[in-house]
Amino acid sequence: MLFMLNNQNLPAALLHWDGRHMVYLSGLYDQHAQEDAFFEDLSQLYVQIPSLQKATSWIFKHHYDQKGKLGAAVIYRIYSICDELTDWEAILHVLQLLPHVSLPREQIMVVDLFVRRQANHPKKMVRAWALNGFYALVKYIPENKEEVLFRCEQVLASEVPSVQARARLILKDLKKMK
């Protein structure tokens, strides 16, 4: 289904999504990603309408998966409300974006606290990507490298295999950094 979007009907198009089939969101993305205001409008909706955070965060992540970039204002908005996210998939998408974005200095500690809270999330995928978030934040907080190593070792000793797999990838990358 194709939509001609503008700021007024973008929320309606996103609300029309069934919450499961990503082909719908992918179609919206494919049709409108080249429009100047698309990501600005999405980021405003992401901040203003919590029920749209899952859809909008997926589109942001999909954009990076397609080798796209987001402007600094959009990134700022995404992480300005990271502690207010309640949908686990929106949390996951925001964590998955971390390795790809440049955070403004004033958001680094907020994001660090967000990542720390997600390290104990009930969903194993969120815990795995929170661990990856710790690793992504090392470029801003280099002194946390030892903590990341420690957390990875803890994960290898106590977590489910899917989270352990993420820890092994991080440890492999950390060894390359030495």
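How many helices and how many strands does the secondary structure of the protein chain come to? The notes below start there.

1. **What kind of model this is.** This is a predicted model, in which local features need pLDDT of at least 70 and side-chain atom pairs count only at pLDDT 80 or more, while totals for chains, interfaces and linings use all residues. Residues are numbered from 1 along each chain as its sequence is written, and side-chain values use heavy atoms, with hydrogens and water left out.

2. **The fold in outline.** The protein chain has 10 helices and zero strands, and its elements run α-α-α-α-α-α-α-α-α-α from the N terminus on. Helices here are DSSP runs of H or I with at least four residues, strands are E runs of at least two, and both are numbered from the N terminus.

3. **Overall dimensions.** Along the principal axes, the C-alpha atoms fill a box of roughly 50 × 30 × 25 Å.

4. Of the 178 residues in the protein chain, 51% are buried (under 20% relative accessible area, with exposed over 50% and partly exposed in between; 1.4 Å probe, protein chains only). The accessible surface comes to about 9,400 Å², and 55% of that belongs to carbon and sulfur atoms; the areas come from the Shrake-Rupley method with a 1.4 Å probe. Among contacts with a separation of 6 or more, residues 24 or more positions apart account for 62%, where contact means heavy atoms within 4.5 Å.

5. **Helix α6, worth a look.** Helix α6 (residues 88–97) is largely enclosed by the rest of the structure, because nine of its 10 residues are buried. Glu89, His93 and Gln96 are among those buried residues, along with Ile91, Leu92 and Leu95. The buried residues of α6 pack against α3 (38–48), α4 (53–65), α5 (72–80), α7 (108–118) and α8 (124–137).

6. Valine 126 belongs to helix α8 and is buried, with a relative accessible area of 0%. Not counting residues up to four places away in sequence, valine 126 touches Trp88, Ile91, Leu92, Leu95, Gln118 and His121. Valine 115, in helix α7, is likewise buried at 0% relative accessibility. With neighbours within four places in sequence set aside, valine 115 contacts Leu95, Leu98, Ala130, Gly133, Phe134 and Leu137.

7. **A loop asparagine.** Asparagine 144 sits in the loop between α8 and α9. Is asparagine 144 buried or exposed? Asparagine 144 is buried, at a relative accessible area of 14%. Beyond its neighbours within four places in sequence, asparagine 144 is in contact with Asp112, Arg116 and Val138.

8. **The α9–α10 pair.** The axes of α9 (residues 145–158) and α10 (residues 161–177) come within 9 Å and cross at roughly 145°. Axes are lines fitted to C-alpha atoms, for helices over the stretch in contact, and angles run from 0 to 180 degrees between N-to-C directions. The contact includes Val148, Leu149 and Cys152 of α9 and Ala167, Leu171 and Leu174 of α10. By class, the contact has 11 nonpolar, one polar and three charged residues (Ala, Val, Leu, Ile, Met, Phe, Trp, Tyr, Cys and Pro count as nonpolar, Asp, Glu, Lys and Arg as charged, and the others, Gly among them, as polar).
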